[in-house]
Amino acid sequence: MTVHSNDGISWLTKLERIGEKSAGNKQQVFNNLGHLLNCDMLKGQFLRLDGSKAAGIDRMTKAAYGEHLDENIQHLILRIRRGTYHPKAARITEIPKEDGSKRPLAISCIEDKLIQLAVNDILSRIYEPLFMPCSYGFRPGLDCHTALRALQQQTFRNWNGAVVEIDIRKYFNTIPHIELMSLLRKKISDRRFLRLIEVLLMAPVMMDKVVSNNVCGCPQGSILSPVLANIYLHHVIDEWFDEISRSHIRGRAEMVRYADDMVFTFQYPKEAKRFYEVLPKRLNKYGLELHDDKSQLISAGHVAAMRADLSGKRLPTFNFLGFTCYWGKTRKGYWRLKLTSRKDRFAAKLKGLRDFLRKNLNTTDIRLILNTVIRVVRGWINYHSVSDNQRRVEQFIYQSKWIIYRWFNRKGGRHRLTWEKLNLILKMLNYPSRWKTHSMFNSR
């Protein structure tokens, strides 16, 4: 059902018109966006919120907020229009990364998530027509597999080229607010709407019960962070690289970017080297820093891989979107880029399953625990089942079964569970044993 605002036009229709204007005129500057934030829009956004997510510092759940939805939203809109809306502090929780460091995630309160979602939709409609084909992260109709397929095609075209793997040090946490707001003002002239974005950007955070202002960065976990991060790199990297690839770089120069993960491919290694020397200066100009330990320039292509093989060596590997990219030989005898699941993330996922089952060693609801494990395993398989990675998927299925087997037998009982009986139980629960492989070669 389409919900209409007071003027008879649905807020969804208004969003569509913004998208059409942005696509029709790339120079369009948008004003008077704040009127979109009305009761009907916020009610529609409220229905989209995931009620199973963790609550913020006020412990308000979606169900509790929805008990007085009309009253709460009217009060929220009144505060926004008066300029007295101030987000509550986002609770920071840290999750471990593969390299031993920790990634901070912000958990906002339900009301702040509502505003973030509404602002995110408006910004997405404005900028989606402007984003370039090289950008794949957090965009409708695009996903990681599409980005990996594009990388496969780009590297195949350069038989004696080079690849530049880039990592920006703590990107989400270091995006400078002043520069970001300056870029937003190029497309948006509505001062109140820009002020709302600034308020959301500077929302305080609480870590270890200590509240502090967020003076830099877009905290991961915020609904608004992905689109703001995309907008910033669109200006800082995408547009700049598109310009210099046509004016300063000889031969083919292409890129694939998924949020802050990016790989550049070059037809000629000398051009890649020149680019790699200039890139840190470009990043520093906009308050960002290249992570030297996770960035590299390597030779790439069929000829380069064959030359390395003749000398008894292999071309260096690089990581992208959870996969290790390496050069392997095909059945027809030529070399191309192949993908395999990263060893550290492969091991981390199995360790997570092992820890989960250990915590539930004494549970009586075995079916519930196994169904949870099956969902995790199926999700991992659906993502990692790409061309050339079948053996890794088989290993993951076997290892996960072995973890379950040991868990069953550690629970104790009169009779030890056999491997054959375990397979029968898992088959009854529809444990994944077959999967659809995502081809890295077709265009679909």
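D70 and K43 form a salt bridge whose closest N and O atoms are 2.7 Å apart. A salt bridge here is a side-chain nitrogen of Lys or Arg within 4 Å of a carboxyl oxygen of Asp or Glu. The pair joins distant parts of the chain, since D70 belongs to helix α4 and K43 to helix α2 (residues 39-48), 27 residues apart. Helices (H or I, at least four residues) and strands (E, at least two) are DSSP runs, numbered from the N terminus.

The model is predicted: local features need pLDDT of at least 70, side-chain atom pairs count only at pLDDT 80 or more, and totals for chains, interfaces and linings use all residues. Residues are numbered from 1 along each chain as its sequence is written, and side-chain values use heavy atoms, with hydrogens and water left out.

**Salt bridges**

The structure holds 14 salt bridges. Three of them are set out below.

| Pair | Closest N and O atoms |
|---|---|
| D70 and K43 | 2.7 Å |
| R274 and E271 | 2.7 Å |
| R336 and D388 | 2.8 Å |

In the D70 pair, D70 is partly exposed at 42% relative accessibility, and K43 is partly exposed with a relative accessible area of 30%.

R274 and E271 both lie in helix α11 (residues 269-285); because they are 3 residues apart there, about one helical turn separates them. R274 is partly exposed at 43% relative accessibility, whereas E271 is buried, with a relative accessible area of 8%.

R336 forms a salt bridge with D388. R336 is part of strand β11 (residues 335-341) and D388 of the loop between α14 (366-384) and α15 (390-410), so this pair ties together parts that are 52 residues apart in sequence. R336 counts as buried at 10% relative accessibility, while D388 is partly exposed, with a relative accessible area of 26%.

Salt bridges also link K351, D355 and R358 in a network.

**Cavity and pocket**

Rolling a probe the size of a water molecule over the atoms shows where empty space is left. On a 1 Å grid over the protein atoms alone, a cavity is a set of points where a 1.4 Å probe fits but cannot get out; a pocket is an open set with protein on both sides within 12 Å along at least five of seven lines; lining residues have an atom within 4 Å of a point. Grid points are joined across faces, edges and corners, and a volume is the space filled by probe spheres set on the points.

The count comes to 1 cavity of 30 Å³ or more. The largest cavity has a volume of about 170 Å³. Its lining consists of 20 residues, and Q116, L200, A203, P219 and S222 lie nearest its centre. The elements that give two or more residues to this lining are α5 (110-127), α9 (191-201) and α10 (225-247). By class, the lining of the largest cavity has 13 nonpolar, 5 polar and 2 charged residues. Ala, Val, Leu, Ile, Met, Phe, Trp, Tyr, Cys and Pro count as nonpolar, Asp, Glu, Lys and Arg as charged, and the others, Gly among them, as polar.

The second largest pocket has a volume of about 360 Å³. It is lined by 18 residues, of which I80, R81, G83, R192 and L196 are the closest to its centre. Two or more residues of this lining come from each of α4 (69-82) and α9, and α9 gives the most, with 5 residues. The lining of the second largest pocket divides into 6 nonpolar, 6 polar and 6 charged residues.

How values were computed
Buried means under 20% relative accessible area, exposed over 50%, partly exposed in between (1.4 Å probe, protein chains only).
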